[in-house]
Amino acid sequence: MESSGAPSETEATVAKAASVICAASHLVAFTGAGISAESGIPPFRGDNGIWSRYDPKILDIDYFNTNPARCWPIIKEIFYDFFGAAKPNRAHLALAELERDGLLSTLITQNIDDLHYRAGSREVIEYHGNSRLLACPSCRKRFEVAKVDLTRLPPRCDCGAVLKPDFVFFGEAIPANALAASEEAARRADVMLVIGTTGEVYPAALLPREASRRGATIIEINPQESAYTGDITDIFVRLPAVTAMERILAAQ
Ligand code: APR
């Protein structure tokens, strides 16, 4: 594994990452909360993480189903008031540019903040669903959140059931289409660009491992080591996502 420490070493690592990306025939990106950190969205884990300030049980499916009126105001505050005000950063934009240039085949994200889509990426697999839509667990109807009145909580479907954000809660299964499409992308990847994830949340965390097992080169961008670093990572760019992606694009 190569690691970046001194500036010249970082430069060499960035140059290596850029050349591997350019030569890829099936480049897949896999992103986590860290890519949105520079958009002002804190990661989930760690000292200043979202779960250090809020109780994660609000996203436990059993707790939500029995206490929707208690969960919804907190869900609205985190995922609609706060996330909704965030804007895509230059790392999100760089991935959209790689897709437009035909270099990036598929983007798999664990994030539900919609920032990849808003940055212009279109081949996005939203592994944990998204916050754009609310779903009715009873009649399965979906609503664009922008068209739902969130001043009256909990929001309800026409059929009367409480609506739920269309993202995966703790205790819920990964949507079958996202599961199948991401596994296929991981199998096909010859290069996987892993950005801003601890690699600790399963089954998502298996995707880079499966790609690596099948021979893909794993490029990791993270200012800190993750579960992948020192294990499956081949090229470790120890930088924040925006700086790393800008330098990689400039080096191409
Ligand atoms: N650039 C790149 N990476 C960063 C940056 C940055 N500017 N800032 C922080 N990171 C890294 C951290 O070092 C950490 O490795 O981003 C990672 C964030 O880790 P987590 O908060 O655990 O996020 P993630 O791995 O995406 O979590 C996976 O857990 O709670 C669930 O469903 C939720 O999708 C989420 C899943």
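**Entry 1: domains.** The domain bounds I use here come from an automatic or database domain assignment, and I keep in mind that the model I am reading is a predicted one. I looked up how the chain is divided, and the assignment gives domain 1 as 1-41 + 88-128 + 174-252, while domain 2 is given as 44-85 + 132-167. I then looked up the separation of the two centres, taken over C-alpha atoms, and noted 28 Å between domain 1 and domain 2. For the contact between them, I wrote down twelve residues from domain 1 and eight residues from domain 2.

**Entry 2: the buried area.** The size of an interface is often given as the accessible area lost when the parts come together, so I looked that value up next. Domain 1 and domain 2 bury about 890 Å² between them, and I noted that 62% of this lies on carbon and sulfur atoms. Which residues of domain 1 lose the most area to domain 2? I found Ile41, Ile112 and Asp114, which together account for 43% of what the domain 1 side buries.

**Entry 3: charges and polar contacts.** I looked for salt bridges across the interface of domain 1 and domain 2, and the rule finds two of them. I also counted two residue pairs in polar contact between the domains, with both residues of each pair at pLDDT 80 or more. On the side of domain 1 that touches domain 2, I recorded five nonpolar, two polar and five charged residues.

**Entry 4: Arg132 and Tyr117.** I followed Arg132 and saw that this residue forms a salt bridge with Glu126, where the closest N and O atoms are 3.1 Å apart. The charged end of Arg132 also sits over the ring of Tyr117, at 5.1 Å from the ring centre. Arg122 lies over the face of Tyr117 as well, and for this residue I noted 3.9 Å from the ring centre.

**Entry 5: aromatic rings.** How many aromatic pairs does the structure hold? I noted eight, and I also listed one aromatic cluster, formed by Phe64, Phe79, Phe82, Phe83, Phe167 and Phe169.

Terms used:
Residues are numbered from 1 along each chain as its sequence is written. This is a predicted model: local features need pLDDT of at least 70, side-chain atom pairs count only at pLDDT 80 or more; totals for chains, interfaces and linings use all residues. Side-chain values use heavy atoms; hydrogens and water are left out. Contact means heavy atoms within 4.5 Å. Buried area is the accessible area (1.4 Å probe) that two parts lose on being put together, summed over both. A salt bridge is a side-chain nitrogen of Lys or Arg within 4 Å of a carboxyl oxygen of Asp or Glu. A polar contact is a pair of N or O atoms within 3.5 Å; within protein, one must be able to donate a hydrogen and the other to accept it, and residues adjacent in sequence count only if both atoms are side-chain atoms. Ala, Val, Leu, Ile, Met, Phe, Trp, Tyr, Cys and Pro count as nonpolar, Asp, Glu, Lys and Arg as charged, and the others, Gly among them, as polar. Rings of Phe, Tyr and Trp (its six-membered ring) pair if their centres lie within 6.5 Å; planes under 30 degrees apart count as stacked, over 60 as edge-to-face and the rest as tilted. A charge sits over a ring if NZ of Lys or CZ of Arg is within 6 Å of the ring centre and within 35 degrees of the ring normal.
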